[in-house]
Amino acid sequence: MEQAPRKPLSEEILQEAATWLMEMHDGPLTPKERVRFNQWRQRSTEHEMAWQKAAMLLDKFQRVPVPGAVALKAASVPSRRAAIKTLVVLLAAGPVAWTAYRLSPLSGRGDVVTTQRGEHRDLVLDDGTKISLNTSTQIQVQYSDEMRRVRLLQGEILVSTAKDGRNPARPFIVETAEGRLQPLGTRFTARQLDGRSHVAVVEGAVELIPADAPTEKQRVPAGYQAAFSSHAVEPLTQGSELSLAWTTGMLVVDKMPLSVFAGELGRYRAGLLQVDAEVGKLAVSGVFPLEDTTASLTLLEQTMPVRIQYFTRYWARIVSR
C-alpha cells in the first residue's frame with residue numbers, strides 16, 4: 001500500500017525554525033530561551049520535523065561552508081532577516097537544493113544593486129536618473145545604445161527619471177516580473193509583490209504594460225496608483241505621498257489593519273514579527289520610525305490595546321493586552 005505524500009511544512013513553522021537556528025548560531029541559549037525552544041519543538045510533529053531539517057542543514061553547512069548563509073555571527077542586524085529568508089527557502093527545498101545553492105552563485109548581465117533588511121540606498125545613474133532603494137530590494141541596471149532599463153528583481157524603488165543626453169533619446173523602462181513600466185518624464189514608485197506588481201505616480205505619468213497582455217496597457221497619471229499581474233491591470237486608485245515616507249525613514253499609516261501594519265513594519269525588522277488573529281483587524285494610525293522597529297513596537301504598545309511578546313531577539317508577536 002502506497003503512503004500518501006507528506007504535507008509540506010508551513011512557511012511560518014520553517015521561519016520559526018530558521019530563527020531558532022540563527023539564535024543558536026549566535027551563541028548558547030539562555031536557560032529561559034532553552035525552555036522556550038524545547039516548548040516550541042514539542043508543540044507538534046511538524047515543529048519537530050522542521051527543527052530536524054534545520055539541524056541537518058546546519059550540520060551540512062558546518063562541513064561544507066556556504067558563503068553568506070552561514071556567516072551569521074558576522075552578519076549585520078539588517079542582513080539577518082535576509083539570511084533567515086534564505087534559510088527558509090533552503091529548508092523548504094531540501095538537501096538537493098542545498099548543494100545547488102553552494103554551487104550556483106548569483107549571475108547575470110548588468111550592474112546588480114542590493115539593499116539588506118532595514119537598509120535604504122540612493123543611486124544616481126549615468127544619465128542623471130535618481131533611484132532610491134527601499135528595504136530588501138534588488139535591481140539590475142542595463143544600459144545599452146538602444147535602451148535604458150532597470151529590472152526590479154525584488155523590493156521597492158522610487159525613480160526620478162532624467163532626460164537622456166543622447167540623440168535620439170533612449171527610452172527608459174522599469175521591468176518587474178509582471179510587466180513593464182515606461183515613465184513619461186516622471187517620478188514614481190514601483191514595488192514587486194508576490195505574483196503582482198504595484199506602481200504609484202507622483203509626477204508625470206507612467207505607461208503600464210502587462211507582460212502577457214500588452215493590449216491591456218494602462219496610462220497611470222500623477223496622483224494615482226495601480227497593481228497589476230502579468231495578465232491584467234487592476235482599477236486605478238488615488239495615491240498618497242504618505243507612501244513615500246520610507247525615503248525619510250518613517251512609516252506613516254492611516255487606519256491600516258494591524259495585520260497589514262505588522263507586515264509593513266516587518267519588512268524593516270530583523271527577525272519574525274507575528275500578529276494574533278484576534279487583534280489583526282485593529283486599525284492603526286500614526287508615524288513610526290523604521291530605523292528602530294523596537295521603538296515602533298513600543299509606541300504601538302503604548303497607544304493600542306496590545307502588548308508585544310518577545311520570544312527571542314529576532315522573534316516577536318503582537319497579542320491582545
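Tutor: Let us begin with Arg148, which forms a salt bridge with Asp127, the closest N and O atoms being 2.4 Å apart; a salt bridge here is a side-chain nitrogen of Lys or Arg within 4 Å of a carboxyl oxygen of Asp or Glu. Because Arg148 lies in strand β5 (residues 148–160) and Asp127 in the loop between β2 (121–124) and β3 (130–133), the pair ties together parts that are 21 residues apart in sequence. Strands (E, at least two residues) are DSSP runs, numbered from the N terminus. This is a predicted model, in which local features need pLDDT of at least 70 and side-chain atom pairs count only at pLDDT 80 or more, while totals for chains, interfaces and linings use all residues. Residues are numbered from 1 along each chain as its sequence is written, and side-chain values use heavy atoms, with hydrogens and water left out.

Arg148 and Asp127 are both buried, where buried means under 20% relative accessible area, exposed over 50% and partly exposed in between (1.4 Å probe, protein chains only). Strand β5 also holds Arg149, which is tied to Glu175 in strand β6 (residues 172–175), so that parts 26 residues apart in sequence are joined; this salt bridge spans 3.4 Å, N to O. Glu175 counts as partly exposed at 22% relative accessibility, and Arg149 is partly exposed at 27%.

Elsewhere, Asp276 forms a salt bridge with Arg317, with the closest N and O atoms 3.2 Å apart. Asp276 lies in the loop between β13 (272–275) and β14 (283–289) and Arg317 in strand β16 (residues 315–320), so the pair ties together parts 41 residues apart in sequence. Both Asp276 and Arg317 are buried.

How values were computed:
Helices (H or I, at least four residues) and strands (E, at least two) are DSSP runs, numbered from the N terminus.
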